[in-house]
Amino acid sequence: VEQEFNQHHLPSALPSYAYPVKSDSDRAKLETLLPQLQASSDAVVIVCPRGGGGAKRAYDHLQKQGIAAERLFILEKGQQGWPYPELLAKF
């Protein structure tokens, strides 16, 4: 959710605003990140509000778009479960 992202997020996070990744529109939002993801070999950590269904749907969609499963990770418990608030970027 854009408002939550703007309040705080993990450093280097790329916003997609694709949550809950259930519609073609949501998947298209994820696809806007593909050029950046494909240009890198870095790990991709998917962060959704709680680390559940939206994250799994994003993981599955990115894998179908050619991002290797070895690069894809889901942040357990999502943004709400992140136990290090001092490491969040705040705006």
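Modeller: Happy to; we will begin with one loop and then widen the view. Please keep in mind that this is a predicted model.

Let's start in the loop between strand S1 (8–9) and helix H2 (24–31), where proline 20 is found. Tyrosine 19 and proline 20 are joined by a cis peptide bond, with omega at about 15°. Is valine 21 buried or exposed? Valine 21 has a relative accessible area of 5%, and buried means under 20%, so valine 21 is buried.

For a comparison, go to the loop between strand S3 (72–74) and strand S4 (89–90), where lysine 77 lies. Lysine 77 is not a glycine either, and its phi is positive, near 70°. Here the relative accessibility is 55%, and the cut-off for exposed is over 50%, so lysine 77 counts as exposed.

Histidine 61 has its place in helix H4 (residues 53–64). Leaving aside residues up to four places away in sequence, histidine 61 touches Arg27, Leu30 and Glu31. With glutamate 31 there is a polar contact between the side chains, 2.8 Å in length. Histidine 61 has a relative accessible area of 10%, so this residue is buried.

The surface has its own story. Val45, Val47 and Phe73 form a nonpolar patch there, and together they have about 250 Å² of accessible area. One of them, valine 45, is found in strand S2 (residues 44–46).

Finally, step back to the whole chain. It holds 4 helices and 4 strands, arranged along the sequence as α-β-α-α-β-α-β-β. The radius of gyration is 12 Å, close to the 12 Å that the globule rule gives for 91 residues, so the chain is as compact as a globular protein of that length. Its C-alpha trace spans about 35 × 25 × 20 Å along the principal axes. Of the 91 residues, 31% are buried.

Terms used. Residues are numbered from 1 along each chain as its sequence is written. This is a predicted model: local features need pLDDT of at least 70, side-chain atom pairs count only at pLDDT 80 or more; totals for chains, interfaces and linings use all residues. Side-chain values use heavy atoms; hydrogens and water are left out. Patches are made of residues with over 30% relative accessible area and no salt bridge: like charges are joined within 9 Å, nonpolar side chains (Val, Leu, Ile, Met, Phe, Trp, Tyr) within 5 Å. Accessible areas come from the Shrake-Rupley method with a 1.4 Å probe; for residues, only the protein chains shown count as cover. A salt bridge is a side-chain nitrogen of Lys or Arg within 4 Å of a carboxyl oxygen of Asp or Glu. Helices (H or I, at least four residues) and strands (E, at least two) are DSSP runs, numbered from the N terminus. The radius of gyration is taken over C-alpha atoms; the globule rule is 2.2 Å times the number of residues to the power 0.38. Buried means under 20% relative accessible area, exposed over 50%, partly exposed in between (1.4 Å probe, protein chains only). A polar contact is a pair of N or O atoms within 3.5 Å; within protein, one must be able to donate a hydrogen and the other to accept it, and residues adjacent in sequence count only if both atoms are side-chain atoms. Contact means heavy atoms within 4.5 Å.
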